[in-house]
Amino acid sequence: MRRPSTGLHGTVTVPGDKSISHRGLILGAISTGTTRLTHFLTAEDCLSTLTALRALGVPIHRDGTTVTVVGQGLHGLHAAAQPLDMGNAGTATRLMTGLLAGQSFDSTLVGDASLSQRPMERVRQPLATMGAAIDLTAGHLPMQIHGRTLHATHVTMQVASAQVKSALILAALQADGPSTIVEKLPTRDHTERLLKAFGGDLTTAADGRTITVQAQPHLTGQTITVPGDVSSAAFFLTAASIVPGSQVTLKDVGLNPTRTGIVSVLQRMGGHLEIHPTDQPGEPLGDITVSAAQLHPITLTAADIPAVIDELPLVALLAATADGISKISGAEELRVKETDRIATIVTELRKLGVQITEQPDGFTIDGRQPWRVADAQFDSHGDHRIGMMMAIAALRLTTPTTLADAGAINISYPSFFDDLTLLDAETEAAHVTNLN
């Protein structure tokens with residue numbers, strides 16, 4: 001990939017939101033009636049959820065990005081004949097753990113090498129307070145879930161994780177009374193919004209952290225249009241901000257305030273953005289137009305992290321072009337993503353000559369230093385977000401670059417390079433060489 005001489009220009013409709021696609025499938029499966037999801041994300045992670053639910057007896061038909069789920073009700077699933085292979089899908093694994101803990105049968109969850117290294121005690125322990133019986137392998141997958149009746153509880157979460165919160169909500173639906181879940185910090189609220197749309201009874205207190213879930217609801221299938229994934233749009237927001245001369249519009253992007261941390265970060269850094277919301281019920285969405293800007297440094301602390309956890313690689317890239325020193329702390333959660341993202345961000349950005357210092361819970365970046373490519377062979381490390389971060393970084397370079405294991409990008413955004421091509425008409429292919 002080479003630097004576009006006149007910047008990036010055009011309009012992109014990014015794929016459907018990964019978080020909402022996962023949750024729409026699961027809630028549709030435990031509802032009665034039919035659920036129809038349009039603009040569903042057909043990436044590998046979401047297809048892992050779809051395949052697992054089929055194995056549990058849920059009829060699901062997919063036609064492109066439209067998925068039809070024939071709901072089986074809260075207690076209508078049955079045991080899978082084989083272990084459920086969750087691939088690389090951490091969200092799906094933790095959500096399915098909460099769902100299966102309250103069923104009447106046993107289940108086994110397995111995953112790929114990366115997922116099998118991610119910590120699962122964080123979801124096992126709070127579910128145990130409800131009476132869940134879950135066996136881990138040294139704290140990881142494979143996981144055996146012994147389905148049983150769950151009990152109402154009051155649980156205070158020890159980690160700020162929307163995945164763990166959602167697992168607890170799905171378990172609480174099957175308990176013998178109402179449960180209260182207290183978050184460490186507010187996290188994305190897609191599960192709460194969708195559950196209410198399906199007919200669930202859930203309330204969030206004024207503090208934004210205390211959630212009360214009523215048990216044994218009657219959920220009814222819905223028709224849902226999945227907004228564009230703001231985490232996918234973030235790569236183009238970043239590209240347009242750091243490639244001189246650019247102006248890009250992202251269509252129908254999800255604007256849920258628990259997910260727009262990257263938009264807030266760009267605004268705080270002096271980015272040039274115009275946001276045009278669409279008036280509709282349910283998940284908010286709209287169009288975002290972004291153009292190139294000289295960015296200013298930023299400081300993020302633990303309170304900022306939940307709203308931007310998936311976009312922190314891009315925050316680091318933005319900081320690497322800012323006119324000062326940026327500091328990101330309180331982000332130790334990055335250590336247990338698809339890779340140790342703190343370590344991989346530091347490793348890859350140093351290949352560009354970026355002055356970045358690794359910290360236990362984040363990093364410090366001096367964006368005032370000019371980039372000098374020390375190593376033109378980038379590596380995704382098997383992490384989709386790191387791969388896309390480096391593909392965007394390459395747009396600022398005049399030297400040829402390669403990206404090892406570019407196929408990891410298919411985990412969340414199979415059409416990433418195609419969409420990038422739309423914005424760079426001057427480049428024949430707009431692809432980083434794939435060394436797979």
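**Entry 1: glutamate 44**

I looked up glutamate 44 and found it in helix α2 (residues 44-55). Helices here are DSSP runs of H or I with at least four residues, strands are E runs of at least two, and both are numbered from the N terminus. The model is predicted: local features need pLDDT of at least 70, side-chain atom pairs count only at pLDDT 80 or more, and totals for chains, interfaces and linings use all residues. Residues are numbered from 1 along each chain as its sequence is written, and side-chain values use heavy atoms, with hydrogens and water left out.

Glutamate 44 has a relative accessible area of 43%, so I recorded it as partly exposed. On this scale buried means under 20% relative accessible area, exposed means over 50%, and partly exposed lies in between (1.4 Å probe, protein chains only). Leaving aside neighbours within four places in sequence, I noted Asn410 and Ile411 as the contacts of glutamate 44; contact means heavy atoms within 4.5 Å. I also took the C-alpha to C-alpha distance from glutamate 44 to valine 354, which is 32 Å for 310 residues of sequence separation.

**Entry 2: the two domains**

I then turned to the domain assignment, which gives domain 1 (9-15 + 227-429) and domain 2 (18-222). Such bounds come from an automatic or database domain assignment. In the contact I counted 28 residues from domain 1 and 22 residues from domain 2. The domain centres, taken over C-alpha atoms, are 28 Å apart.

About 2100 Å² is buried between domain 1 and domain 2, and carbon and sulfur atoms give 50% of this area. Buried area is the accessible area (1.4 Å probe) that two parts lose on being put together, summed over both. On the domain 1 side, Arg259, Pro306 and Ile411 supply 24% of the area buried against domain 2, more than any other three residues. Ile411 is also one of the contacts of glutamate 44.

**Entry 3: glycine 228 and helix α7**

I located glycine 228 in the loop between β13 (223-225) and α7. With a relative accessible area of 1%, glycine 228 is buried. Not counting residues up to four places away in sequence, glycine 228 touches several residues, including Val14, Pro15, His39 and Asp252.

Next I examined helix α7 itself, which runs over residues 230-242. Its 13 residues reach 18 Å from first C-alpha to last, close to the 18 Å expected at 1.5 Å a residue; the expected span is 1.5 Å times one less than the number of residues. I found 13 of its 13 residues buried. At the N-terminal end, aspartate 229 caps α7, with a side-chain oxygen 2.8 Å from the backbone nitrogen of serine 231.

**Entry 4: nonpolar cores**

The largest nonpolar core holds 73 residues, of which Leu312, Leu349 and Phe416 touch the most other members. α7 gives the most to this core, with nine residues. A nonpolar core is a set of buried Ala, Val, Leu, Ile, Met, Phe, Trp, Tyr and Cys residues joined through side-chain atoms within 4.5 Å. Beyond its neighbours within four places in sequence, leucine 312 contacts Leu300, Ile305, Ile328, Ala331, Leu334, Ile345 and Phe363. Apart from this core I noted another, of 64 residues, among them Leu56, Leu141, Val155 and Ala167.

**Entry 5: aspartate 310**

I placed aspartate 310 in the loop between β17 (299-300) and α9 (312-319). Its relative accessibility is 13%, so aspartate 310 counts as buried. The side chains of aspartate 310 and arginine 188 are joined by a polar contact of 3.1 Å. A polar contact is a pair of N or O atoms within 3.5 Å; within protein, one must be able to donate a hydrogen and the other to accept it, and residues adjacent in sequence count only if both atoms are side-chain atoms. Not counting residues up to four places away in sequence, aspartate 310 touches Arg188, Ser231, Lys337, Arg341 and Arg385.

**Entry 6: backbone geometry**

I checked histidine 39, in the loop between β2 (34-38) and α2, and read a phi near 60 degrees, a positive value in a residue other than glycine. Histidine 39 is partly exposed at 25% relative accessible area. Aspartate 405 also has a positive phi, of about 55 degrees, although it is not a glycine. I found aspartate 405 in the loop between β22 (402-404) and α12 (416-422), partly exposed at 33%. Lastly, the peptide bond from leucine 141 to proline 142 is cis, with omega near 0 degrees; proline 142 lies in strand β8 (residues 140-146).
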